[in-house]
Amino acid sequence: MKSLIIILCCAIFIISCKKSVAPIVQDQIFTAQQNTVSNGQALSFTLKYKGIYTLTLVDSIQSTILTREQFNGIAGLNKLNIYTRTVQSKYLYLILEDSTKTQIGKTTLIVN
Amino acid sequence: MKKLIVTLLILLISIVAHSQSGMGYLNYTIYNIVNNGAGQYANSSTDFANMFDLTKGATVYSSGTTVASNLLYFNGSFFTTVPNGGNYFGIRTTGYFIPQETGTYIFEIDGDDAEDFAINGTVIVSNYGPHGFTGYKYGTVNLIAGQIYTFVSRFEQWAGGWGMYLQWKRPSQSTYSIQSNEVYSSQPTSITPPLSVQFNFNFNTLITPTNFSANAYDYANNAYTLTPNNAATVISSNNIVDVSNIIDTAKNKAEGLGLTTTTNLTTLYNGIITVSDVYLAFQEYSNKGLLGGTMGTYFTSAIQYITADVNNDGVFNETDCYLLLEHLTGKQSLVSKLSNMLKLYNKSTYDSINHTNWSSYSGLKSIVPFTLPSGKYNDTFYVSTAWLGDVNLTYSSKQTAGVATFDVSSQNQIYSYIVTQLVGDSVYATITLNPMLQQVTGVQYHLNYDSSMLQYQRTQFTTAGNSTNFSTDKSSYINFGSLVTDGSTTLDNTTKYLIVFKPSVKLTNALGLITITPIDAVNQAGNQLKITIN
């Protein structure tokens, strides 16, 4: 009986030490007010609906639009990359809009 | 110990006393003349000499060195004590005078009682005899900048009120003052004239003065050659360069100044010559009439003819317009070496150029002639600059008169929209124009792209009217736009540019691989417009 208890305790201990298989936590770019990004970095964000969306990069100092990309968003987690070699500014806004041009996300980016 | 402290104190005092000399200081000797051998009053230079002669009864009351103004400007009191409660004394002030300018100096003197002033032993101005302040007497003397002259003033007080004012003005000045940088209590061992040349660049953010260096030239046999001790001297951020060390030391002068640069001229010129420059040139030319014999109304400054005469032949004509257009559209570059592209002028010459004489000031102007020293010990020369092809003078010096004004006000604003998309295995950038209420005749943009990941493929133009459309791959950006050179039609809101790139790696999206920079726009009237990307 004693040895059975020991074996059970060991089993419980081993099981409790196993890494839990929790869902991978993604960086949600628009949940943070400010993010530091580097060239080629992946950005992730969640969309409620599938559809055409745009991401706009704005020079936050000069208040000028640098570029805008249109993409097909999926419902759920979306992953896109940001490239910074042609971006002259260090401080940017990243703005997410839906097809009706309604802003659904905005964050500050600091280019590393 | 006590001795040591006293010695140190004396040493300190002597150091301080010694430092109180040199430029701005003069030496003085106060004489007690109650028993002088010249009588009561100095009625001449000789009387002064006798009055202060220690062998003839005068005694030294005190002497020393102090700032010039203490010794040259006083009335009823003195910076230190005087003998006999302010009676029966004289002051002899000595030192050196080193003019800042060459030419006629005027000295003024007034006093109570007698006084005189001498340069190199020659009395320049005097007011001898017994009197109160009688008003200034004036004396002139021709002096050479940088030369060392002796400086002596003498003053005598017998009784009653007393004082002396001695001031001067340089050849270039209109008012009198004591100019402390021209007087010295002791003879300087060497003098290096600080000569400076100021460049009146009208630089904007594209042009950095510190990327330019000045070179000094001698002139002989109708040719300029670098001075033997020339070294390219970097212009400071405030557009000033000091050329004291690169003038010809044998001649003690330089006769010309030129520039070199570390700026990438190709990059620079893509910013200097834009659609509004080219449009203005075409409009001015067509506005002159078939024979070109009359002045157009588009150029408001004569310098614009010089900058628009891009082949430097002294004539502004169709050839220049098309050379400008070909540079804009990338068919032929106007970029060569700096000496061909940047014209230097003496500022007063530049300002005197007008619509009838401009052609004689065209051609290559890579060296601005001048002479140093110019008669002044410390001088500043103003140099105006004009960039070839800068027809609207955005980057060139403005003339004092006949200034071209191309200010972009908020009313002169138009909009453009950009969107990029990954379409199949290509990246599309679409740029559309919203001219608002403007009659737009020209637009120009740079589309910057990451050349490590994208290859430029083609540009598709959708433009109304008879515009010249251009798109040139500059390896890191595309210079593109449209220009209606004759202004007969305008670019409306159907204007669209589709620029296609092929990715060199597999992409899932292209955010940031392409960015846009609006460069320039112009309307039918030749006014520059501001493009806002929305």
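In the pairing between the two chains, Gln70(A) stands opposite Gln421(B), a residue of S21(B). The model is a predicted one, in which local features need pLDDT of at least 70 and side-chain atom pairs count only at pLDDT 80 or more, whereas totals for chains, interfaces and linings use all residues. Residues are numbered from 1 along each chain as its sequence is written, and chains are lettered from A and ligands numbered from 1 in the order in which they are written.

Strand S4 of chain A (residues 64–73) and S21(B) pair in the parallel sense over two bridges, where two strands pair if DSSP finds at least two bridges between them, and where helices (H or I, at least four residues) and strands (E, at least two) are DSSP runs numbered from the N terminus. The contact as a whole takes 19 residues from chain A and 20 residues from chain B, with two residues in contact if their C-beta atoms, placed from the backbone, lie within 7 Å. On the side of chain B that touches chain A, the elements giving two or more residues are strand S21 (413–423), strand S23 (440–449) and strand S28 (514–523) of chain B, and S21(B) gives the most, with four residues.

Within chain B, four strands form an open sheet in the order S3-S10-S5-S8, with antiparallel pairing. Its edge strands, each of which pairs on one side only, are strand S3 (73–75) and strand S8 (137–143) of chain B. Strand S5 (residues 103–112) and strand S10 (residues 163–169) of chain B run antiparallel and are joined by seven bridges, and Ile109(B) stands opposite Leu166(B) in S10(B).

In helix H4 of chain B (residues 265–272), the residues Leu268(B), Tyr269(B), Asn270(B) and Ile272(B) are buried, a residue being buried if 20 or more other C-beta atoms, placed from the backbone, lie within 10 Å of its own, exposed if 12 or fewer, and partly exposed in between. The buried residues of H4(B) pack against strand S20 (380–387) and strand S26 (477–483) of chain B.

For chain A, the mean pLDDT (the predictor's confidence in each residue, from 0 to 100) is 83, and 76% of its residues reach 70 or more. Confidence in chain A is lowest in helix H1 (residues 2–17), at a mean of 52, and highest in strand S3 (residues 51–59) of chain A, at 97. Over residues 12–26 of chain A the pLDDT is below 50, and this stretch has two contacts in the model beyond near neighbours in sequence.
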